[in-house]
Amino acid sequence: MDIKTLKYAFRTSMPVILGYLPSGFAFGLMMSAIGKGVLASFIMAVTMYAGAGQYIAVDFIKNNATFITIIVTTFLINSKHLFYGISLIEKFNKTGRKKPYLIFALTDETYALLTGTQYPDDVREDWYIFLVSLINQLSWIAGCTLGAVFGSVVKFDTTGLDFAMTALFLVILTDQARVFKSKIPFIVGGLSALAAMLVLGKSNMLLGGAALSVITLLILHKKGFGKNDDD
Amino acid sequence: MTTTKLCIAIGLMAVITFSTRLFPFVVFGRGEKPAPVIMYLGKYLPPALITAIVVYCFKDIDFLSGMHGLAEIISAITVIALHYKFRNTMLSIAVGTVLYMILIRI
């Protein structure tokens, strides 16, 4: 590793650092609002390192969700990652012992940086990729931890703070609505969740809604939906 | 949630999250193409799930009493409108959350 590579990695990571610090901070605040300490936020940022996953985890902890809900929802929320790595397989194969960490740290934002940014030829690629990934996670850990510390030191009325989770998912939804021409997947997900709430009740609606979404999408696929690129 | 359950839950969530990130490197590492139905779910499941989660986020709105869900609806529309216009995630979340916290106090 050399200073020049570190400099370029830091420059590339800057926009992600500026995003991760406040959104991690909000996570830490939500954790302290449900009475969980700094250590839990820190450990989750280190071991899970997932934005949407950690936000919904706050809800699991608050509502004492069942293991089956936690397992299935966490898996499905991260299901988009099942294919993310494909375009980075070749790049990561050249990174030796750094590869396991790079795979672990492959968030949406890091993926975007690694596939979408340019750097000079004299920068060492394996170290560059590693440092970008590491700097991103360090800023996430810092944000989550600082938020939890702030929440435990500065006491204020946090009622309504959990709307940050709703807002995050509304933001993701708005981004997806821009990308997809078809409104069918959104309707399927919305109706599945409503049906699950009516039949299974609030505590099981996430699990039921997710399962119903998968089944409905598979049935629609059999009937021809999603077989051409226009959908 | 007890501390023991919290520890197990965090461990489970960490392992599952890593597994989904590891999957393509293990399965497609030698250049095989995934099955079409898997590609289909990989594309269309995320928007369906995010919509389901948004519905879940609004599960506790009480339309019959109090503010009748007005605070949630106004804040949600604000988040969507801000994000549609500026595409700035932190701006949308921060303004929406602060607005919500103010609305439920008046």
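A crossing of two helices is left-handed if the near helix is turned anticlockwise from the far one by less than a right angle, and right-handed if clockwise. The model treated here is predicted, so that local features need pLDDT of at least 70 and side-chain atom pairs count only at pLDDT 80 or more, while totals for chains, interfaces and linings use all residues. Residues are numbered from 1 along each chain as its sequence is written, and chains are lettered from A in the order in which they are written.

**Exercise 1.** Determine how helix α3 (residues 70-86) and helix α4 (residues 89-103) of chain B are arranged.

*Solution.* Helices are DSSP runs of H or I with at least four residues, numbered from the N terminus. Axes are lines fitted to C-alpha atoms over the stretch in contact, with angles from 0 to 180 degrees between N-to-C directions; the two axes come within 9 Å and cross at roughly 160 degrees. Because angles over 145 degrees count as roughly antiparallel, α3(B) is roughly antiparallel to α4(B). The crossing of the two helices is right-handed. Residues are in contact if their C-beta atoms, placed from the backbone, lie within 7 Å, and those making this contact include B:Ile74 and B:Leu82 of α3(B) and B:Val95 and B:Leu99 of α4(B). With Ala, Val, Leu, Ile, Met, Phe, Trp, Tyr, Cys and Pro taken as nonpolar, Asp, Glu, Lys and Arg as charged and the others as polar, the contact has 10 nonpolar, five polar and no charged residues.

**Exercise 2.** Describe the side of chain B that touches chain A.

*Solution.* The contact takes 53 residues from chain B and 72 residues from chain A. On the side of chain B, α1, α2 (36-57), α3 and α4 each supply at least two residues, and the largest share, 18 residues, comes from α2(B). By class, this side has 40 nonpolar, 11 polar and two charged residues.

**Exercise 3.** Is A:Gly24 buried or exposed, and which residues does A:Gly24 contact?

*Solution.* A residue is buried if 20 or more other C-beta atoms lie within 10 Å of its own, exposed if 12 or fewer, and partly exposed in between. A:Gly24, which lies in helix α1 of chain A, is buried, because 24 other C-beta atoms lie within 10 Å. Leaving aside neighbours within four places in sequence, the contacts of A:Gly24 are A:Ala45, A:Trp140, A:Ala142, A:Gly143, A:Cys144 and A:Gly147. Among these, A:Ala45 is itself a buried residue of helix α2 (residues 38-47) of chain A.

Definitions and conventions:
Parallel < 35°, antiparallel > 145°, perpendicular 65-115°, else oblique. Contact = placed C-beta atoms within 7 Å.
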